[in-house]
Amino acid sequence: MMITRSSFLLLLTLSFLSCTAAFSESSKSGKLRGVNGEITSEAQAEEVIEDQSGLENAATADFGDGTSKLIKFHVAMLDGTSGAEGSFVVKTRPEWAPLGAAQFDELTSVNFWEGCRIFRVLPGFVSQFGINGDPDVQSRWKEPIKDDPVATTNAAGTVVFATAGKGTRTTQIFINLDDNSFLDDMGFSPIGEVVSGMDVVKRFFSGYGEGYPQGNGPSQSLIQTTGNSYLEEKFPQLSYFTGASFVEL
């Protein structure tokens, strides 16, 4: 699949702008829309995060300490097939991108990835995920982190935060499925790499193609506002994470 620098940046910028606008609209007057369509308060959203803070995974993790971590992801619906499961392991590389690696570790520590759908899979290019299935949880992570300089190339298997320009990294991640070195000059800084299970990564369901509005796949803005209820109804074959946890180096 031929992806040019200009077309990639346009697609990514448009998708980020659309989902950011949708989130801003849903957050007016301190209100957020839950996964079943009900309106919930920001206070309730904070309670969700507070409940998560006591998880054992969070208590034992020491993210942001400058050391590499191994994180094992468990995946369901491989190839879009019920019962097809597998796993892969990401090694964070804080020596490449300390801020991004720390953010990735922190997201893991609060079980952010559980239930997340891999909503954008373009074979030979990237697989993208990182919008939580619960809009209340996602709302906790709207504050972007600062950029890391690009210290290594966007090789196949590297793990990278998606952006819409400078200073916009939050939770969205893509895994490079091929050598995408042209992304280096665009500021996409790898924060880790898949060290085992790349064969599993290549089985993420890709049948829905590019996301809306450029294609017929999922709308990032609707994932932001309605969560997994939207994806389960409209895109039931998407591969998704059943869990992710730190493992021993």
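The side chains of glutamate 210 and arginine 120 make a polar contact of 2.7 Å, a polar contact being a pair of N or O atoms within 3.5 Å, where within protein one atom must be able to donate a hydrogen and the other to accept it, and where residues adjacent in sequence count only if both atoms are side-chain atoms. The model is predicted, and local features need pLDDT of at least 70, side-chain atom pairs count only at pLDDT 80 or more, and totals for chains, interfaces and linings use all residues. Residues are numbered from 1 along each chain as its sequence is written, and side-chain values use heavy atoms, with hydrogens and water left out.

Glutamate 210 is located in the loop between α6 and β10 (211-212); helices (H or I, at least four residues) and strands (E, at least two) are DSSP runs numbered from the N terminus. Because its relative accessibility is 16%, glutamate 210 counts as buried; the term means under 20% relative accessible area, with exposed over 50% and partly exposed in between (1.4 Å probe, protein chains only). The C-alpha atoms of glutamate 210 and phenylalanine 119 are 9.1 Å apart, although 91 residues separate the two in sequence.

The protein chain contains 8 helices and 12 strands. Of its 249 residues, 52% are buried. The accessible surface of the chain is about 11100 Å², and carbon and sulfur atoms account for 51% of this area, as computed by the Shrake-Rupley method with a 1.4 Å probe, where for residues only the protein chains shown count as cover. Among contacts (heavy atoms within 4.5 Å) between residues at least 6 apart in sequence, 71% join residues at least 24 apart.

The largest nonpolar core has 32 residues, and those with the most contacts inside it are Phe73, Phe88, Phe104, Trp113, Phe204 and Phe241. At least two residues of this core come from each of β3 (70-76), β4 (86-92), α4 (98-109), β7, β8 (173-176), β9 (190-196), α6 (198-201) and β12 (240-247). The most is given by β3, with 3 residues. Such a core is a set of buried Ala, Val, Leu, Ile, Met, Phe, Trp, Tyr and Cys residues joined through side-chain atoms within 4.5 Å. Apart from its neighbours within four places in sequence, phenylalanine 204 has contacts with Val75, Leu78, Phe88, Ile118, Val121, Ser127, Ile175, Ser239 and Phe241.

Strand β7 is antiparallel to β9, with 3 bridges joining the two, and is likewise joined to β8 by 3 bridges in an antiparallel arrangement; strands pair if DSSP finds at least two bridges between them. Valine 159 has glycine 192 as its bridge partner in β9 and stands opposite isoleucine 175 in β8. In a regular strand the side chains alternate between the two faces of the sheet. Both faces of β7 are covered, with Thr158 and Val160 buried on one side and Val159 and Phe161 buried on the other. A further antiparallel pairing, of 4 bridges, joins β4 to β9, and in it lysine 91 has glutamate 193 of β9 as its bridge partner.

Valine 160 belongs to β7 (residues 158-161) and counts as buried because its relative accessibility is 0%. Beyond four places in sequence, valine 160 is in contact with Asn154, Gln172, Ile173, Phe174, Asn176, Phe188, Ser189 and Pro190. From valine 160 to asparagine 176, 16 residues along the chain, the C-alpha separation is 7.8 Å.

Helix α4 has 12 residues, which at 1.5 Å a residue should span 16 Å, and its end C-alpha atoms are 16 Å apart, in agreement; the expected span is 1.5 Å times one less than the number of residues. The buried residues of α4 include Gly100, Ala101, Gln103, Phe104, Asp105, Leu107, Thr108 and Ser109. Threonine 108 lies in this helix and is buried because its relative accessibility is 0%. A polar atom of the threonine 108 side chain lies 2.9 Å from the backbone oxygen of phenylalanine 104. Just after α4, asparagine 111 adopts a positive phi of about 60°.
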